[in-house]
Amino acid sequence: MKRIALLGATGSIGRQALEIIEAHPQLELCAAASGSQDVAGLAPVTQVGGDLTELLERAKPDLVLNAVVGFAGLPATIWALEHGVELALANKESLVAAGDLALGARERGGGLLIPVDSEHSGAFQCLEGRPIDQVDSLVLTASGGPFRGRTRPELEDVTPAQALAHPTWNMGPKITVDSATLANKGLELIEAHFLFRLPYDRIEVVVHPSSTVHAVVRFRDGAALAHLGYPDMRMPISYALTYPERAATPVPPLDLSSGVTLEFHAPDLETFPLLTLARRAGEQGGSYPCVFNAANEVAVAAFLEGRLPFLGIAEVVAEALDAAEGAPVGDLEELVAADTDARRHAEEALKVA
């Protein structure tokens, strides 16, 4: 029996994780947490808001599924890694904002970290058991979101409702907007750098509209392995929760005879500059990835509230990065300070956007 603490139980990932847990007799939900919605009775230990590490201390899980949205999920990630508790990570911001700190915690704790993002799960599976020095490069795929193929002038007046109409994935509002701006792929680029210890110039992003191929790993001998499947988050969630098994899920096997089209394009970096900004922040290192994440969270919230136009999201992030010092981060306290400063700069940028 594997005892699971589910953080972010009422979000898209959390709801699908509950479906997987209920269907698998070897999985037991021992704790559940939500940022704002009532989860009483969902598990023996529950919590709404507050310090998630206190919940984890009480529950003593075998595995933590961190599906919290944003920087708020970082303390739980560090706790699991420090305590050697298996971590299924859907909170990509943890590695984006605190990659070096998180990997240091994993080295000390010795726990297993399994990514839940479909792209990173696919790459993890293609890489499993293979030395990283045999890898030439990694390719992450992006659907392109609801605005794929549009130009900047065509995006000036788009609404939150239009940005939330994702063509292939059913996700929460923040990550859906990030997909529309390609910021999500920028976050995943930085996350992949820390997860797989690959330099940024060996991580590529391509647009793949059908979302059938989730990741491609190229090897030094010229071969490439790809992870394929229908765009359904129950697959990577189940893989992370039942690892090293592959439990059955309701997702049907990929039907190649139905006419699967594997179409790939280079991303339009002029129309969607957040991907370029993310890569630059990652390459600069220090606190710059944290600043990118913090400013993007502020800008996306403002867009969803109708206080910022869609194209203004990238402008706010760019201004916050320009204002940041980007110094190396030594501990969690310094990281929180960098996050706070970045949010302040982003809020100031909103006033003139």
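**Figure 1. Just after helix α7, L182 takes a positive phi of about 70°.** The model is predicted: local features need pLDDT of at least 70 and side-chain atom pairs count only at pLDDT 80 or more, while totals for chains, interfaces and linings use all residues. Residues are numbered from 1 along each chain as its sequence is written, and side-chain values use heavy atoms, with hydrogens and water left out. Helices (H or I, at least four residues) and strands (E, at least two) are DSSP runs, numbered from the N terminus. Helix α7 spans residues 173–181 and is mostly covered, with 7 of its 9 residues buried; buried means under 20% relative accessible area, exposed over 50% and partly exposed in between, with a 1.4 Å probe and protein chains only. The buried residues of α7 are K174, T176, V177, D178, S179, A180 and T181. They pack against α4 (93–109), α6 (160–163), α8 (183–196), α10 (274–284), α11 (288–304) and α12 (312–323).

**Figure 2. An open sheet is formed by 6 strands in the order β3-β2-β1-β4-β5-β6, with parallel pairing.** The edges are β3 (45–48) and β6 (113–115), each of which pairs on one side only. Neighbouring strands of the sheet are turned by 20° against each other on average, direction ignored. Two strands pair if DSSP finds at least two bridges between them. In general, strands of a sheet pair through backbone hydrogen bonds, either parallel or antiparallel. Between β2 (residues 27–34) and β3, the parallel pairing extends over 4 bridges, and A33 stands opposite Q47 in β3. Helix α2 (residues 52–59) lies across β1 (2–7), β2, β3 and β4 (63–66), and runs at about 175° to β3. Axes are lines fitted to C-alpha atoms, for helices over the stretch in contact, and angles run from 0 to 180 degrees between N-to-C directions. Contact means heavy atoms within 4.5 Å.

Figure 3. S34 counts as buried because its relative accessibility is 5%. Its side chain is joined to that of T10 by a polar contact of 3.1 Å. A polar contact is a pair of N or O atoms within 3.5 Å; within protein, one must be able to donate a hydrogen and the other to accept it, and residues adjacent in sequence count only if both atoms are side-chain atoms. A polar atom of the S34 side chain also lies 3.0 Å from the backbone nitrogen of Q37. Not counting residues up to four places away in sequence, S34 touches T10, V39, Q47, V48 and G49.

Figure 4. Leaving aside residues up to four places away in sequence, I20 touches L27, R234, I237, S238, L241 and T249. The C-alpha atoms of I20 and L241 are separated by 8.4 Å, although these residues are 221 residues apart along the chain.

**Figure 5. Aromatic pairs, of which the count comes to 5.** F124 and Y243 form an edge-to-face pair, 5.9 Å centre to centre with 70° between the planes. F124 lies in helix α5 (residues 118–127) and Y243 in the loop between α9 (234–242) and α10, so the pair ties together parts that are 119 residues apart in sequence. Rings of Phe, Tyr and Trp (its six-membered ring) pair if their centres lie within 6.5 Å; planes under 30 degrees apart count as stacked, over 60 as edge-to-face and the rest as tilted. F124 counts as buried at 15% relative accessibility, and Y243 is buried with a relative accessible area of 17%. The pair of F303 and F310 is edge-to-face, at 5.6 Å centre to centre and 70° between the planes. F303 counts as buried at 1% relative accessibility, as does F310 at 4%. F124, Y239 and Y243 form one aromatic cluster.

**Figure 6. Setting of the views in the chain, which comes to 13 helices and 10 strands.** The radius of gyration is 19 Å, close to the 20 Å that the globule rule gives for 353 residues, so the chain is as compact as a globular protein of that length. This radius is taken over C-alpha atoms, and the rule is 2.2 Å times the number of residues to the power 0.38. Along the principal axes, the C-alpha atoms fill a box of roughly 55 × 50 × 40 Å. Of the 353 residues, 56% are buried. Among contacts between residues at least 6 apart in sequence, 68% join residues at least 24 apart.
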